[in-house]
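I opened this structure to look up a few things and kept short notes. The entries follow in the order I made them.

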Amino acid sequence: MGERSIWIEIEVNGRVYKELVGVHETLLDVIREKLGLKGAKEGCGCGQCGACTLLLEGQPVNACLMLAVQADQKRVTTIEGLAPADGLHPIQKAFIEEHAVQCGYCTSGMILSSKAFLDKKLNARMKRFKRPSPVMPAVAPGIPRLFRR
Ligand code: FES
């Protein structure tokens with residue numbers, strides 16, 4: 001009996017892909033083998049190491065544990081899509097400056113997890129600043145600019 005396959009549509013790094021995937025195929029396998037994006041890697045294969053981390057709708061996921069069909073109609077960011085075309089993302093630069101790469105195998109996962117963590121913190125801060133506060137007059141007019149994307 002052959003494995004069932006399903007067409008899915010996923011947006012990866014801003015580009016929409018339509019792929020025929022097996023119902024048991026992981027998101028990691030599709031990203032690496034079908035789309036050719038090799039930044040995320042399989043380490044443990046059981047959700048422990050984070051080497052396979054991708055952002056799904058901005059949230060970090062272990063792509064080794066996620067079925068590709070679960071990503072249908074969703075937005076995925078891989079390490080290849082993090083940086084602008086002309087350079088590195090500030091988190092990538094910070095990792096280099098701080099020599100935070102170790103062997104490098106899981107670095108893409110650490111960077112994407114850091115991105116999700118910082119985005120979450122930033123969003124929480126933005127909400128705080130957007131809330132009208134009688135205690136916060138126009139002390140620092142530049143602050144909202146710091147949090148603009
Ligand atoms: S490969 Fe280790 S968590 Fe996915």
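Entry 1. The cut-offs I used: a residue is buried if 20 or more other C-beta atoms lie within 10 Å of its own, exposed if 12 or fewer, and partly exposed in between, with C-beta atoms placed from the backbone.

I note that this is a predicted model, in which local features need pLDDT of at least 70, side-chain atom pairs count only at pLDDT 80 or more, and totals for chains, interfaces and linings use all residues. Residues are numbered from 1 along each chain as its sequence is written.

Entry 2. I placed Phe95 in helix 2, residues 90-97. Helices (H or I, at least four residues) and strands (E, at least two) are DSSP runs, numbered from the N terminus. Which residues does Phe95 touch, leaving out those up to four places away in sequence? I found Ala100, Val101, Thr107 and Ile111; contact is taken as C-beta atoms, placed from the backbone, within 7 Å. From Phe95 to Thr107 I read 12 residues in sequence and 8.7 Å in space, C-alpha to C-alpha.

Entry 3. I went on to helix 3, which covers residues 107-130. Its 24 residues reach 34 Å from first C-alpha to last, close to the 34 Å expected at 1.5 Å a residue. The expected span is 1.5 Å times one less than the number of residues. I listed the buried residues of helix 3 as Ser108, Gly109, Ile111, Leu112 and Lys115. An α-helix has 3.6 residues a turn, so residues three or four places apart point the same way. Among what covers the buried residues of helix 3 I noted strand 3 (53-56), strand 4 (59-62) and helix 2.

Entry 4. I turned to the strands, where pairing requires that DSSP finds at least two bridges between two strands. Strand 1 (residues 5-12) and strand 2 (residues 15-22) run antiparallel and are joined by 8 bridges. Ile10 is set opposite Tyr17 of strand 2. The two strands make a hairpin with 2 residues between them, and Asn13 in the turn has a positive phi of about 55 degrees. Strand 1 also runs parallel to strand 5 (residues 75-77), with 2 bridges; there I saw Glu11 opposite Arg75.

Entry 5. Last, I checked the whole chain. I counted 4 helices and 5 strands, in the order β-β-α-β-β-β-α-α-α from the N terminus. Of the 149 residues, 21% count as buried.

Terms used: Contact = placed C-beta atoms within 7 Å.
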